[in-house]
Structure formats: C-alpha cells, structure tokens
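Here is a short briefing on one protein model. Look at the sequence and the structure first, then work through the points by topic.

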Amino acid sequence: MNIMSYQGPRGTDPATKSLSKLFCSSRELQHQWWFMQENSFHCCATETAFSNCICDFPESVVEGHSLYCNDFLWPVFHKLDKSIHFKQPDRQMFHQFNAFFAQSMLGFDQLSIVQPIIISGFHLALCPQLLYNCSGFRSTFFWNLPWPEDVNRIYVPFVSEIALGLLHAQGLGFTSTEAASNFLAFVAKIMPNYRVDIPGRKIENMHEPEHSISIQFDPFDCGSSRN
C-alpha cells in the first residue's frame with residue numbers, strides 16, 4: 001500500500017489519524033507513506049521508525065502551492081467569496097507541486113509502487129490524473145473539503161481542473177453525502193465526457209468506459225483540515 005498526503009503520519013487531522021491506523025494495521029506487508037516535511041519530500045515505510053528525505057522541492061513551488069490552497073481553493077470550496085484571492089503564478093505552482101509530488105514518488109522506485117494507492121487531501125487533487133497519465137496507476141482519493149452546490153461561473157474552469165484530476169481515481173470519498181451529491185451534480189452539468197449515475201453514485205468516462213469511478217461517503221471519517 002502507498003499513501004500520499006500533504007501531512008505525514010504525525011498529522012493531527014482526523015483523516016491522517018485514520019490513515020495512520022490503516023498504515024500500522026499490518027506489519028506483514030511493506031507499506032509506504034509519501035508526504036511533505038517543510039520543503040522536503042519524505043517517505044516513511046512500515047519496517048522503519050523514521051522517514052527518509054527523498055528530495056527537496058523549490059521553496060517557490062512549495063510557497064506558491066500553499067498560497068493557492070489557502071487563499072483560493074479553501075475559500076472557493078467553502079463559499080467564502082470575500083476571502084478568495086486568485087493569482088495565476090500560485091496556480092502554476094500548485095500544478096508544479098502536484099507534478100513534483102507524483103513524479104518524485106514514481107521516480108524513486110517503480111517496483112515499490114504497489115496497489116492500493118491512497119491519496120488524501122485537496123493539496124494533491126491533481127495527483128490521480130498525473131499518476132494515471134505517467135504510469136497507468138489508479139488511486140483512491142479522499143477529498144477533505146466541502147463541494148459547493150453551485151460554483152460561481154468565474155471559478156468553474158479552476159474547479160473543473162480539480163474535478164478532472166479527481167476523476168482519474170477509481171474511488172472518491174467525501175466528508176458528507178451532500179458533498180458527494182454536489183460533486184456528482186457538478187460533473188453531470190459541467191463535464192460532458194463523463195456519464196453520471198447519481199442514484200448509483202458512479203461516474204463513467206465515455207471514452208474509457210472500463211474506467212468507472214465509485215463515489216463513497218466518509219470512508220475514513222475524514223474531517224476537513226486546513227494547513
């Protein structure tokens with residue numbers, strides 16, 4: 001099993017605590033947890049008590065990614081319109097950070113990347129798409145923010161690229177039935193390349209029908225957290 005999250009096993013949010021229990025539940029198999037510690041990309045394996053620093057990310061990428069998450073994505077998904085601050089350079093750093101994260105994991109040791117791959121948190125929303133495009137790997141993603149019932153039209157392109165990233169996973173977990181329903185409705189309305197079964201909570205890529213996505217509610221009792 002491979003876990004990807006912004007915070008590592010020592011994180012204090014509910015999602016991280018639940019993932020930590022899962023990570024430690026079996027010592028018979030080797031599990032790996034990939035995460036950030038300041039500007040460094042780390043990996044922690046079940047057979048060792050310490051994490052290893054794999055590489056450092058440029059400070060500008062980490063800072064821009066954080067600003068985009070906290071100043072744009074967080075208020076957009078919480079409908080805090082007066083708090084929204086968008087900067088294109090920060091968006092570019094968000095894309096770059098996700099690319100660095102996915103490629104650093106894949107480039108470390110391809111043979112160690114075994115299923116399932118679990119990704120947690122909105123910080124890594126583009127990683128399911130990047131992993132799939134680079135390696136064919138599909139993941140399970142836990143989205144830890146609300147998904148609004150309606151999105152201001154000026155923000156739809158940016159929310160759409162987040163949704164597209166998530167739609168490359170094979171399973172999506174949300175923190176509430178409302179968030180899951182709102183995501184299904186958004187995809188049905190905005191993204192014509194996907195067929196949405198709202199009652200069955202499934203989404204099908206019309207160009208790759210074998211790649212269906214199942215939508216779940218609160219699989220790990222994930223609470224939303226902001227870093």
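Contact means heavy atoms within 4.5 Å. Helices (H or I, at least four residues) and strands (E, at least two) are DSSP runs, numbered from the N terminus. This is a predicted model: local features need pLDDT of at least 70, side-chain atom pairs count only at pLDDT 80 or more, and totals for chains, interfaces and linings use all residues. Residues are numbered from 1 along each chain as its sequence is written, and side-chain values use heavy atoms, with hydrogens and water left out.

**Overview**

- The protein chain has 6 helices and 10 strands.
- Of its 227 residues, 51% are buried. Buried means under 20% relative accessible area, exposed over 50%, and partly exposed in between (1.4 Å probe, protein chains only).
- Take the contacts between residues at least 6 apart in sequence: 61% of them join residues at least 24 apart.

**The sheet**

- 10 strands form an open sheet with mixed pairing. Their order is β4-β3-β2-β1-β5-β6-β7-β10-β9-β8. Two strands pair if DSSP finds at least two bridges between them.
- Which strands stand at the edges? They are β4 (51-56) and β8 (194-197). Each has a single partner strand, so one side of each is left without a neighbour in the sheet.
- From one strand to the next, the twist averages 20 degrees. Axes are lines fitted to C-alpha atoms, for helices over the stretch in contact, and angles run from 0 to 180 degrees between N-to-C directions.
- β9 (residues 202-205) and β10 (residues 212-217) run antiparallel and are joined by 3 bridges. Lys202 has Ser214 in β10 as its bridge partner.
- Helix α6 (residues 177-190) packs on the sheet. The strands that α6 touches are β7 (171-174), β8, β9 and β10. The direction of α6 makes about 150 degrees with that of β10.

**Strand β2 and its partners**

- Why is strand β2 (residues 32-37) described as largely enclosed by the rest of the structure? Because 5 of its 6 residues are buried.
- Strand β1 (residues 2-5) runs parallel to β2, with 3 bridges joining them. Here Ile3 stands opposite Trp33 in β2.
- Strand β3 (residues 40-45) pairs with β2 in the antiparallel sense, over 6 bridges. The bridge partner of Gln32 in β3 is Ala45.
- The hairpin of β2 and β3 has 2 residues between the strands. In this hairpin, Glu38 takes a positive phi near 60 degrees.

**Helix α5 and its neighbours**

- Two packed helices are described by the angle between their axes and the distance between the axes.
- Helix α5 (residues 156-166) is mostly covered, with 9 of its 11 residues buried. Among them are Phe158, Ile162 and Gly165.
- The axes of α5 and α6 are 11 Å apart, and the two helices pack at about 110 degrees. They are therefore roughly perpendicular to each other. Angles under 35 degrees count as roughly parallel, over 145 as roughly antiparallel, 65 to 115 as roughly perpendicular and the rest as oblique.
- Val156, Val159, Ser160, Ala163 and Leu166 in α5 meet Phe183, Phe186 and Ile190 in α6.
- By class, that contact of α5 with α6 has 7 nonpolar, 1 polar and no charged residues. Ala, Val, Leu, Ile, Met, Phe, Trp, Tyr, Cys and Pro count as nonpolar, Asp, Glu, Lys and Arg as charged, and the others, Gly among them, as polar.
- Helix α2 (residues 59-77) also meets α5: their axes come within 11 Å and cross at roughly 95 degrees. That makes α2 roughly perpendicular to α5.
- On the α2 side, the residues are Tyr68, Phe72, Leu73, Val76 and Phe77. They meet Phe158, Val159, Glu161 and Ile162 in α5. This contact has 8 nonpolar, no polar and 1 charged residues.

**Cysteines**

- How many disulfides does a search of the whole structure find? The search finds 0. A disulfide is a pair of cysteine sulfur atoms within 2.5 Å.
- For Cys55, the nearest cysteine sulfur is that of Cys53, 6.8 Å away. Cys55 is partly exposed, at 24% relative accessibility.
- For Cys134, the nearest cysteine sulfur is that of Cys127, 9.9 Å away. Cys134 is partly exposed, with a relative accessible area of 46%.
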